[in-house]
Amino acid sequence: IRCWSNIPFITMPLSRAHGKSFAHRSELKHAKRIVVKLGSAVVTRGDECGLALGRLASIVEQVSMLQNQGREMMIVTSGAVAFGKQRLRHEILLSQSVRQALHSGQNQLKDMAIPVLEAPACAAAGQSGLMALYEAMFTQYSICAAQILVTNLDFHDEQKRRNLNGTLHELLRMNIVPIINTNDAVVPPPEPNSDLQGVNVISVKDNDSLAARLAVEMKTDLLIVLSDVEGLFDSPPGSDDAKLIDIFYPGDQQSVTFGTKSRVGMGGMEAKVKAALWALQGGTSVVIANGTHPKISGHVITDIVEGKKVGTFFSEVKPAGPTVEQQGEMARAGGRTLAALQPGQRAEIIYRLADLLTDQREEILLANKKDLEEAENKGRLALPLLKRLSLSTSKLNSLAIGLRQIAASSQDSVGRVIRRTRIAKDLDLEQVTVPIGVLLVIFESRPDCLPQVCKEGRLHCWEFFDDKRKGVSVGVCSFQILHHLTQEALSIHGIKDAVQLVNTREEVEDLCRLDKLIDLIIPRGSSQLVRNIQKAAKGIPVMGHSEGICHVYVDTDASVEKVTRIIRDSKCEYPAACNALETLLIHRDLLRTPLFDQIIDMLRVEQVKIHAGPKFASYLTFSPSEVKSLRTEYGDLECCIEVVDSVQEAVEHIHKYGSSHTDVIITENEKTAEFFLQHVDSACVFWNASTRFSDGYRFGLGAEVGISTSRIHARGPVGIEGLLTTKWLLRGDNHVVSDFSEHGSMKYLHESLPLPQRNTN
């Protein structure tokens with residue numbers, strides 16, 4: 001039994017206990033009963049005369065999809081007035097001797113005066129047509145719709161409210177979508193300031209308040225309010241400083257400046273917010289979003305139900321920490337301060353982080369052990385990912401060494417002058433290195449990547465960790481302690497907020513949309529993770545490689561002593577790494593030779609599972625399992641063996657099936673080796689060396705934040721240089737361009753000037 005205006009009425013129970021709204025967007029997928037409110041601006045055309053049929057059809061499709069999933073959908077719709085206006089205009093034109101106007105030409109028809117049409121008359125003329133349109137659209141999805149017209153008086157009469165409640169429940173029970181609207185043909189004009197009449201009553205003066213009241217009375221889980229703006233802004237949309245509010249909490253009204261209402265309809269954003277807060281107080285979650293944007297209107301309702309970050313979500317539960325937007329702003333501010341530090345100050349931070357990794361080694365390894373035990377006990381990760389997750393004393397020592405290398409070279413990173421030009425007398429131009437900006441670094445089972453990224457000493461990043469393939473998050477303890485140590489090092493100069501930690505999977509797509517706060521995304525993990533991030537990124541460049549399909553080609557002139565050693569290291573030293581051997585190419589003349597037998601015996605001893613390529617399989621009577629695809633990154637003790645007829649064919653194979661990561665030739669023939677080095681179009685091409693050398697630390701870069709196979713900005717292992725860009729500094733003395741015109745007093749010199757001496761220590 002529930003009470004409204006002290007009048008009790010009985011409602012039917014639902015499978016989900018009602019009374020408390022969802023605390024987070026991710027919970028919206030559990031919404032069973034949903035009300036979708038369609039504002040006038042959503043339903044009507046831009047000329048306010050007629051319906052936006054395309055948008056309406058898309059909305060019906062989304063509602064039908066959710067209804068067929070077993071949800072209970074209700075629609076509170078506007079549009080009767082606009083539809084009726086269209087019909088009445090047509091009737092008026094006909095009544096004014098339209099036949100004569102048509103015979104006389106279109107100009108006279110356009111010039112005919114049309115009287116002002118009253119909204120009640122338009123509503124009366126449009127209700128039937130609007131409902132007929134809904135019925136025709138829902139029929140396409142085998143769904144029945146039913147119309148219900150209400151007024152504010154219906155909610156003040158106990159019997160009418162009982163009847164309305166019972167009717168709606170019966171329709172939902174029969175899988176029918178109720179289409180609800182205020183009966184604008186008879187409803188009186190709204191009273192001023194009658195939005196809220198206390199805690200338990202909301203006056204139905206427009207469809208916003210109607211939707212809120214119905215949502216609460218029907219114990220609805222979710223109310224979606226569609227309008228012509230993206231959601232609730234802190235100031236009128238379109239103003240310079242207007243920011244979309246992601247989550248709105250009760251009591252935040254004072255921080256919002258409301259603008260004028262939309263071009264059509266009776267309410268405005270202020271009315272929507274009041275209705276939303278009233279519904280929230282009644283236990284219904286609310287989202288206000290844009291239903292008119294052509295790029296998102298086709299899936300806005302389903303996106304909201306899936307928990308995606310669309311519009312403004314109303315919640316009664318404030319998060320314990322800052323939002324991702326606030327973290328981004330803190331990272332941006334802290335990073336600019338970090339970039340402005342003197343080289344010696346940056347070096348202090350990096351040395352301090354290196355010392356902390358050494359001093360706190362036991363605590364780090366203990367936290368990592370907890371993560372490994374949890375992952376193993378619950379069977380969350382495959383063996384290759386467990387190896388990536390694992391930290392060791394040697395890994396931490398290598399990280400500390402790399403940190404100190406970076407610190408020693410910090411004088412030569414940010415602020416380094418790479419070009420000086422004298423444009424004219426007393427007008428000198430410099431090009432200097434600066435950090436790219438905010439990095440969003442996404443780790444998958446790679447806790448050691450965190451200090452690798454943060455040790456750049458002049459950049460700031462976000463970290464997000466997730467194993468998308470398993471749908472779980474692991475490594476939490478490892479990341480937390482490493483993040484804490486990084487912030488402790490940054491605190492030396494009061495800029496610990498330059499590094500932020502984000503560890504919820506639900507927010508990763510939201511992060512990828514913050515193109516005004518994030519400058520570069522670096523995913524560190526599987527090829528699937530990289531592809532997902534590349535797809536999710538909206539206007540933010542992604543640096544990385546989708547796959548690490550690395551080849552080793554064994555030439556006829558290969559050294560017997562070098563072949564098995566290089567192949568073993570490339571495949572077996574760390575098979576989960578992206579620079580591990582995946583496809584072994586062998587020259588045809590080496591088949592059935594002692595060298596070939598040694599290769600196979602070594603792989604068997606190392607327990608490497610062999611897959612035969614098509615040509616290799618054709619040479620064998622009993623071959624290993626034939627490879628399903630020559631574009632496979634195994635990431636484990638598995639590899640493919642294929643046969644080629646020449647170095648040229650090896651190059652062609654690599655170009656066709658490789659990922660432009662790292663490819664190797666083993667040969668003693670210098671001419672053949674140089675042909676391979678010059679013709680293979682990969683980020684790293686080696687001669688008589690393991691693929692595992694493709695690493696920033698091993699290259700002497702001091703750190704590696706990723707490996708890039710793209711051709712823009714950075715390629716191969718990316719260290720400090722790959723995370724720098726430049727800016728131009730021009731120093732003049734009252735110079736203006738007009739002085740350099742044909743009749744001006746100055747001439748361009750464009751003289752190259754010597755660079756400042758670099759620190760070679």
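Biologist: Which residue in S6 is the bridge partner of Ile75?
Modeller: The partner of Ile75 in S6 is Ile179. Helices (H or I, at least four residues) and strands (E, at least two) are DSSP runs, numbered from the N terminus.

Biologist: Before we go on, what should I know about the model and the numbering?
Modeller: It is a predicted model, where local features need pLDDT of at least 70 and side-chain atom pairs count only at pLDDT 80 or more, while totals for chains, interfaces and linings use all residues. Residues are numbered from 1 along each chain as its sequence is written, and side-chain values use heavy atoms, with hydrogens and water left out.

Biologist: Thanks! Back to S4 and S6: in which sense do they pair?
Modeller: They pair in the parallel sense, over two bridges. Two strands pair if DSSP finds at least two bridges between them.

Biologist: And how many bridges join S5 to S6?
Modeller: Seven, and S5 and S6 run parallel. Gln147 has Ile179 in S6 as its bridge partner. The chain gets from S5 to S6 through helix H7 (residues 158-173), in a right-handed β-α-β crossover. Right-handed here means that, with the strands pointing away from the viewer, the path from the first strand over the helix to the second runs clockwise.

Biologist: Is S6 mostly covered or exposed?
Modeller: Mostly covered: seven of its seven residues are buried, where buried is under 20% relative accessible area, exposed is over 50% and partly exposed is in between (1.4 Å probe, protein chains only). Ile176, Pro178, Ile180 and Thr182 point one way from S6, and Val177, Ile179 and Asn181 point the other way.

Biologist: What is the strand order in the whole sheet?
Modeller: Eight strands form an open sheet, ordered S5-S6-S4-S3-S7-S9-S10-S8, with mixed pairing. Strand S5 (144-150) and strand S8 (247-248) are at the edges with a single partner strand each, so one side of each has no neighbour in the sheet.

Biologist: Which strands does helix H2 lie across?
Modeller: Helix H2 (residues 53-68) lies across strand S3 (33-38), strand S4 (72-77), strand S6 (176-182) and S7, at about 155 degrees to S4. Helix H9 (residues 269-281) also packs on the sheet, touching S3, S7, S8, S9 and strand S10 (312-314). Axes are lines fitted to C-alpha atoms, for helices over the stretch in contact, and angles run from 0 to 180 degrees between N-to-C directions.

Biologist: Switching to Lys37: is it buried or exposed?
Modeller: Lys37 counts as buried, because its relative accessibility is 3%. Its place is in strand S3.

Biologist: Which side chain does the Lys37 side chain make a polar contact with?
Modeller: That of Asp208, at 2.8 Å. A polar contact is a pair of N or O atoms within 3.5 Å; within protein, one must be able to donate a hydrogen and the other to accept it, and residues adjacent in sequence count only if both atoms are side-chain atoms. Asp208 is one of the buried residues of H8, and 11 of the 11 residues of helix H8 (residues 207-217) are buried.

Biologist: Last one: what is Leu755 in contact with?
Modeller: Leaving aside neighbours within four places in sequence, Leu755 is in contact with Val417, Ile418, Arg419 and Arg420, contact being heavy atoms within 4.5 Å. Leu755 and Arg419 are 336 residues apart in sequence, yet 6.7 Å apart in space, C-alpha to C-alpha.
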